[in-house]
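Subject: Structure handover

Hello,

Please find the structure below. My notes on it come after.

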Amino acid sequence: NIIIEYNLPLAGTFQIYDVLGHKVISASLKGLYGYQTLDISILSNGIYYWKINSGTDQMSTGKIVIMH
């Protein structure tokens, strides 16, 4: 699992992409701020990139390395 902490001006989404740019997980963030737990156990070993969008703005990005 991954815990997402966020503080957004508008409703947002959390998305994870594989190295080829394919969206593999997308979740709506509840409320404008808080914490949300997301199950990422379906992801295979590898490098993934995440981003948080709020409205039409990209708010934050990062990288996740999965090793089971």
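The model is predicted, so local features need pLDDT of at least 70 and side-chain atom pairs count only at pLDDT 80 or more, while totals for chains, interfaces and linings use all residues. Residues are numbered from 1 along each chain as its sequence is written, and side-chain values use heavy atoms, with hydrogens and water left out.

Sheet. Four strands form an open sheet in the order β3-β2-β5-β6, with antiparallel pairing. Strands are DSSP runs of E with at least two residues, numbered from the N terminus, and two of them pair if DSSP finds at least two bridges between them. The edges are β3 (23-29) and β6 (57-66); each has a single partner strand, so one side of each lacks a neighbour in the sheet. On average, neighbouring strands of this sheet are turned by 20 degrees against each other, direction ignored (axes are lines fitted to C-alpha atoms, and angles run from 0 to 180 degrees between N-to-C directions). Strand β5 (residues 46-54) is joined to β6 by 9 bridges, and the two run antiparallel. Glycine 46 is opposite isoleucine 66 in β6.

Glutamine 15. This residue lies in strand β2 (residues 12-18). Glutamine 15 counts as buried because its relative accessibility is 8% (buried means under 20% relative accessible area, with a 1.4 Å probe and protein chains only). Its side chain makes polar contacts with the side chains of tyrosine 17, at 2.9 Å, and asparagine 53, at 3.3 Å. A polar contact here is a pair of N or O atoms within 3.5 Å, one able to donate a hydrogen and the other to accept it.

Regards

Key. Buried < 20%, exposed > 50% of the residue type's maximum accessible area, 1.4 Å probe, protein only.
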